[in-house]
Amino acid sequence: MIIESISITTGDNKDFDFDITSLSSPVSAPGSTSFSVRFDPLTPGVKNAEVIIINNDTDEGTYSFTISGNGRYPEQTRFITQWDMDQT
């Protein structure tokens with residue numbers, strides 16, 4: 001599988017960022033790869049966005065999922081979460 005692009009869209013997408021330095025492509029079966037998402041809210045409150053992964057997998061196609069975080073003020077909530085993508 002070749003990962004063509006990863007994006008964070010809709011809603012509060014400016015409050016999330018991703019790091020793909022650990023991402024490897026192509027991913028051979030039954031291999032895996034990973035990337036990290038960082039939450040760094042601009043304002044307090046619940047924030048939601050969607051991660052979209054476009055790939056050339058004929059069985060799965062485009063993969064998307066919702067992410068959320070709760071920003072607190074004045075101390076901003078920051079966290080990094082890593083997702084592993086298995087090619088099985």
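The side chain of Thr33 reaches the backbone nitrogen of Ser24, at 2.7 Å. That value comes from a predicted model. Where does Thr33 sit? Its place is in strand β3, which covers residues 32-39. Is Thr33 buried or exposed? Thr33 has a relative accessible area of 5%. Buried means under 20%, so Thr33 counts as buried.

Now step back to the protein chain. It has 88 residues, and 32% of them count as buried. The accessible surface comes to about 5,600 Å². Carbon and sulfur atoms hold 48% of that surface.

What secondary structure does the protein chain have? There are six strands and zero helices. Along the sequence, the pattern reads β-β-β-β-β-β.

Take the contacts between residues at least 6 apart in sequence. Of these, 63% join residues at least 24 apart.

How confident is the prediction? The protein chain averages a pLDDT of 81. A score of at least 70 is reached by 82% of the residues.

How values were computed
Residues are numbered from 1 along each chain as its sequence is written. This is a predicted model: local features need pLDDT of at least 70, side-chain atom pairs count only at pLDDT 80 or more; totals for chains, interfaces and linings use all residues. Side-chain values use heavy atoms; hydrogens and water are left out. pLDDT is the predictor's confidence in each residue, from 0 to 100. Helices (H or I, at least four residues) and strands (E, at least two) are DSSP runs, numbered from the N terminus. Buried means under 20% relative accessible area, exposed over 50%, partly exposed in between (1.4 Å probe, protein chains only). Contact means heavy atoms within 4.5 Å. Accessible areas come from the Shrake-Rupley method with a 1.4 Å probe; for residues, only the protein chains shown count as cover. A polar contact is a pair of N or O atoms within 3.5 Å; within protein, one must be able to donate a hydrogen and the other to accept it, and residues adjacent in sequence count only if both atoms are side-chain atoms.
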